[in-house]
Amino acid sequence: MEKLLPIIICLVISCCMGDVQTAEKVKLKVLHAGSLTEPMKELEKIFEERNPEVDVQLEAAGSAKTIRKVTELDREADVVASADYSLIPHMMYPKYANWTIRFASNQIVIAYLDDSKYSNEINQDNWYEILRRGDVKFGFSNPNDDPCGYRSQMVIQLAELYYNDSSIYDDLVASNSNLKFVEKDGNYILEMPESENINPNTEKLMIRSMEVELIYGIEEGEIDYYFIYRSVAKQHNHKFVELPDEIDLSNESFSDKYSKIKVILANGKEVSAKPIIYGITIPKNAPNKEYAEKFVKLVVSKEGREVFEKLGQPPVKAFADFPENLPESLKDI
Amino acid sequence: MKLSTIFALLSSILVLFVILPVFSTFTTQFSDLNGLVQTFQDYDVWRTILFTAYAAFLSTLFAVLFGTPLAYTLARTEFPGKNVVSGVVDLPVIIPHVVAGIALLSVFGSKGMIGSISPVKFVDALPGIVVAMLFVSAPFYINTAREGFQSINPRFEQVARTLGATQFKVFFTVTIPLTWRHIAAGALMSWARAISEFGAIVIIAYYPMVASTLIYDRFLNSGLQASRPISILLILFSLSVFITIRVLLWNGRKNESS
Amino acid sequence: MKVLELQQVSKRLGKFTLQDISLSIGKEYFILLGPTGAGKSVLIEIIAGIITPDTGSISLNGREITGLPPEKRHIGFLPQDYALFPHLSVMKNIEYGLRIKGKKNKFEVIEISKKLGIEHLLERHPENLSGGEKQRVALARALIVQPELLLLDEPLSAVDLKTKEKLMEELKRVHREFDVPVVHVTHSFLEAGILADRVAVIMEGKIMQIGKIRELLSDATSREVAEFVGVKDLFVELISQLE
């Protein structure tokens with residue numbers, strides 16, 4: 001024991017000093033929405049090839065949680081990317097950030113596998129009939145936790161208007177849970193209960209906190225269909241039904257139509273349906289601003305756009321809400 | 001420096017390391033007593049915590065029912081492959097719990113080996129929560145009970161048999177009474193472990209919601225301030241059950257020796 | 001009349017072997033005498049049914065018991081440390097054999113306790129008893145179920161000389177009053193000399209000689225026995241006086 005003591009002390013000290021190998025590298029912390037995992041991994045590779053002195057550390061989580069890591073847990077981050085660009089101004093301005101660049105889009109699809117029930121029948125026109133069938137199970141993520149979850153609700157409610165069938169949401173969701181849209185002056189509002197009170201009928205509905213958690217649900221055969229971002233379905237080689245632009249939250253030109261649908265989350269936050277646009281920012285307390293700017297620049301570059309295109313997240317023209325607040329190196333985008 | 005001084009120093013570091021985060025959770029809450037009071041009065045939060053305690057109780061029941069014979073066998077008999085069985089018992093401790101959840105889903109899921117033939121539904125249902133809890137907490141029970149069985153002299157059992165008791169009777173009139181404190185302590189540990197499980201449960205059953213899932217969920221959508229009071233409630237609840245039972249055990253011991 | 005009969009009982013336990021033990025014991029006080037590690041305790045556990053022999057047969061009062069579990073043998077067993085149940089009072093310890101058969105009988109417990117002079121201990125717990133008291137409680141517990149044979153494993157090894165004398169007298173009395181044959185294991189020549197009707201000397205897993213203690217002294221059939229008992233020459237006189 002006496003002989004071991006110095007060894008143990010050395011071990012403890014070296015442990016405190018951190019990982020020896022990467023000790024000299026700059027650590028670039030990128031916190032991002034779960035749905036950006038795949039493109040971010042590719043961008044990480046490209047970035048590290050070009051800047052070997054940098055170790056990009058990706059951390060995926062739900063968008064709100066990602067932002068909360070900075071605002072509530074006081075984590076230092078160099079780049080924050082959210083699946084809903086509006087969360088950044090909403091949660092981070094003005095203390096933690098003061099600009100957002102929109103850089104990519106996405107859309108909600110209904111994904112499935114070959115052995116999902118009625119997979120050979122489903123298409124853009126009959127999907128809600130298929131989901132209505134008693135032996136079909138489907139899933140979406142928790143609207144309280146995950147934008148993909150509340151967007152799925154919006155899509156299903158938009159479908160009522162588009163297909164002119166006012167019982168789609170009732171049949172698929174309302175009759176199987178405590179979720180219900182209420183019409184008010186031509187707007188449709190879903191007031192979310194607390195998560196513990198959603199009470200899904202688990203024989204019909206599978207709800208998980210995060211959209212990616214539904215993947216094992218479908219791969220293990222628990223559900224036949226799930227509402228998910230097109231990119232995620234594509235990255236996992238799941239088949240999917242593309243929904244009409246009018247309801248799938250992909251098209252900016254339908255913004256007005258979308259905006260009739262509103263969800264009030266259990267925490268009181270109100271979200272209106274709008275096109276799915278990703279936003280990125282550099283927090284004010286970023287320790288490595290210079291590299292963070294380079295990284296954001298890569299995201300919005302032609303190369304970055306190609307990565308997003310390839311992985312099912314169609315890029316949009318980079319657009320900053322407060323261009324005057326952008327760092328110098330990003331002003332030209 | 002004396003050995004005892006070094007030991008005291010090193011020990012207190014670990015004790016502080018455990019206490020500080022819990023302590024800070026509580027002290028931070030003092031600035032928001034209102035939130036704490038509100039949570040205390042929240043029926044749904046209580047319902048979730050009690051439901052979790054109930055599921056953990058069921059899991060512990062199964063651990064005792066199936067784990068006691070296993071613990072006894074491991075403590076008392078030699079058989080080929082005993083080391084392998086011991087290793088299997090400890091396996092849940094070393095498997096990441098998310099992995100455990102996925103593994104359980106592949107067995108108890110709708111297309112899994114058991115799930116596909118079972119009339120009981122596991123996914124997103126109480127039985128799923130119980131199997132996840134059982135998986136992660138069984139080793140705590142089995143190992144404690146095994147220690148208990150190992151600690152009693154087999155002479156007691158042998159003598160009881162020469163007095164005419166069958167093995168079965170000996171087990172219930174001698175072995176169990178001599179080890180029940182280990183058994184109770186093991187069951188309590190296993191219950192506590194079950195109540196605090198998150199990773200494995202959230203995969204097999206997000207609903208019905210257990211306390212740890214609720215806490216995580218509140219953190220996700222309303223932040224720390226909303227989730228902390230629930231954590232405190234859960235800690236207080238579990239701790240009070242823990243202490244009550246410990247005190248009962250301790251009193252039992254005192255009475256017996258007097 | 002034969003009470004216990006062992007025929008060519010053998011048992012291998014690791015490096016130790018108990019070899020071809022044949023014994024015939026009547027309604028007597030029989031002592032298995034031998035040095036530590038000779039295999040006495042193994043033999044007594046085989047008789048009790050705790051260890052199963054590899055070969056050989058055992059019968060008790062004409063009844064074949066070789067394959068029977070301990071609970072069906074009707075053989076009382078007092079291990080070296082008495083193994084009183086620590087979770088039960090003296091009363092409940094004694095009562096145990098009756099209670100598990102559903103024949104709980106307080107009267108019998110009191111009666112047997114009176115015979116052994118432990119009536120005043122009934123409410124106590126085993127941990128608060130002296131060595132001698134423990135032995136009497138253990139005897140009461142074993143005798144209440146009326147065993148056909150009583151096995152004592154080194155019953156006097158843990159007590160001082162003065163207590164030893166008293167306890168030896170008591171064992172003798174129990175043997176007589178309860179009319180129960182006894183097999184008593186010891187490494188003490190003194191105990192053998194005072195208590196035994198007959199003695200078997202056991203060494204290295206083999207029975208070397210069986211007979212009355214005087215025969216062993218005067219007529220050892222082997223050098224080992226002679227050496228083992230020879231050291232105790234000093235006691236010869238004491239023994240003759242006692243007899």
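**Salt bridges and interfaces**

C:Glu28 has a relative accessible area of 9%, so C:Glu28 is buried (under 20% relative accessible area; exposed is over 50%, partly exposed in between; 1.4 Å probe, protein chains only). This is a predicted model: local features need pLDDT of at least 70, side-chain atom pairs count only at pLDDT 80 or more, and totals for chains, interfaces and linings use all residues. Residues are numbered from 1 along each chain as its sequence is written, chains are lettered from A and ligands numbered from 1 in the order in which they are written, and side-chain values use heavy atoms, without hydrogens and water.

Reader: Which residue forms a salt bridge with C:Glu28?

Author: A salt bridge here is a side-chain nitrogen of Lys or Arg within 4 Å of a carboxyl oxygen of Asp or Glu. For C:Glu28, the closest N and O atoms of the pair are 2.8 Å apart. The partner is C:Arg198.

Reader: How many residues apart are C:Arg198 and C:Glu28?

Author: C:Arg198 lies in strand E9 (residues 198-203) of chain C. Strands (E, at least two residues) and helices (H or I, at least four) are DSSP runs, numbered from the N terminus. C:Glu28 sits in the loop between strands E2 (16-25) and E3 (29-33) of chain C. The pair links distant parts of the chain, 170 residues apart.

Reader: Is C:Arg198 buried or partly exposed?

Author: The relative accessibility of C:Arg198 is 23%. C:Arg198 therefore counts as partly exposed.

Reader: What does the pair of B:Arg155 and C:Glu45 join?

Author: These residues form a salt bridge, with the closest N and O atoms 2.7 Å apart. B:Arg155 lies in helix H7 (residues 154-162) of chain B, and C:Glu45 in helix H1 (residues 40-48) of chain C. So the pair joins two chains.

Reader: How many salt bridges are there between chain C and chain B?

Author: The contact (heavy atoms within 4.5 Å) takes 25 residues from chain C and 21 residues from chain B. C:Glu71 forms a salt bridge with B:Arg161, the closest N and O atoms being 2.8 Å apart. The count between chain C and chain B is 2.

Reader: What area is buried between chain B and chain A?

Author: Buried area is the accessible area (1.4 Å probe) that two parts lose on being put together, summed over both. Carbon and sulfur atoms give 51% of it between chain B and chain A. The area is about 2700 Å².
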